[in-house]
Amino acid sequence: MNVDWENVPVYLEGNRDWYYEIQEAYRKEIGEIYTQVPEGEFFRLKDLCEGKTPGSSEEATALILSALGGMEYTRTPGGIPVNRDPVEYFLFESGQGYCQHFASAAVLMYR
């Protein structure tokens with residue numbers, strides 16, 4: 001969102017300040033909102049990640065790749081039992097999934 005607010009297109013000039021305020025509000029909230037993990041959920045995932053505080057994004061990625069390295073990619077991982085979290089079921093029980101499973105697990109581990 002790199003906008004040159006001094007040289008906006010003509011069709012935005014009337015609302016330039018409003019768009020700028022929206023962008024700034026979004027920037028203030030983005031770090032907090034997109035890094036939240038629901039309270040009272042993901043107990044086993046939290047245990048897996050607890051005490052592992054990487055010093056850089058590269059170290060975090062290495063930890064996540066290590067955790068996901070033993071998982072099997074398949075287009076037919078089977079169903080998820082009722083009332084079970086899909087990410088924890090994938091990581092700790094089935095060990096099988098497709099892109100959505102791997103991506104969801106990685107996102108929660110990064111958080």
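Where is threonine 74 found? Threonine 74 sits in the loop between strand 1 (72-73) and helix 4, where helices (H or I, at least four residues) and strands (E, at least two) are DSSP runs numbered from the N terminus. Before we go further, note that this is a predicted model, in which local features need pLDDT of at least 70, side-chain atom pairs count only at pLDDT 80 or more, and totals for chains, interfaces and linings use all residues. Residues are numbered from 1 along each chain as its sequence is written, and side-chain values use heavy atoms, with hydrogens and water left out.

Let us stay with threonine 74 for a moment. Threonine 74 is buried, at a relative accessible area of 14%; buried means under 20% relative accessible area with a 1.4 Å probe and protein chains only, exposed means over 50%, and partly exposed lies in between. The side chain of threonine 74 reaches the backbone nitrogen of threonine 76 at 3.1 Å. Leaving aside neighbours within four places in sequence, threonine 74 is in contact (heavy atoms within 4.5 Å) with Gln96, Gly97 and Tyr98.

Within helix 4, Val87, Glu88, Tyr89, Phe90 and Leu91 are buried, and the buried residues of the helix pack against helix 2 (43-49), helix 3, strand 2 (96-97) and helix 5. Just after helix 4, glycine 95 takes a positive phi of about 70°.

Of its 13 residues, Leu45, Leu68, Met71, Val87, Phe90, Leu91 and Ala105 touch the most other members. Helix 3 (57-68), helix 4 and helix 5 are the elements that give two or more residues to this core, and helix 5 provides the largest share, 5 residues. Leucine 68 touches Phe90, Leu91, Phe102, Ala105 and Ala106, not counting residues up to four places away in sequence.

On a 1 Å grid over the protein atoms alone, a cavity is a set of points where a 1.4 Å probe fits but cannot get out, while a pocket is an open set with protein on both sides within 12 Å along at least five of seven lines; lining residues have an atom within 4 Å of a point. Grid points are joined across faces, edges and corners, and a volume is the space filled by probe spheres set on the points. Helix 4 (residues 86-94) supplies the largest share of the cavity lining, 4 residues. Histidine 101, one of the lining residues, lies in helix 5 (residues 99-110). Histidine 101 is buried, at 12% relative accessible area, and touches Pro77, Ile80 and Phe90, not counting residues up to four places away in sequence.

Finally, the largest pocket has a volume of about 440 Å³. Of the 19 residues that line this pocket, the closest to its centre are Cys49, Leu108, Met109, Tyr110 and Arg111.

Conventions
A nonpolar core is a set of buried Ala, Val, Leu, Ile, Met, Phe, Trp, Tyr and Cys residues joined through side-chain atoms within 4.5 Å. A polar contact is a pair of N or O atoms within 3.5 Å; within protein, one must be able to donate a hydrogen and the other to accept it, and residues adjacent in sequence count only if both atoms are side-chain atoms.
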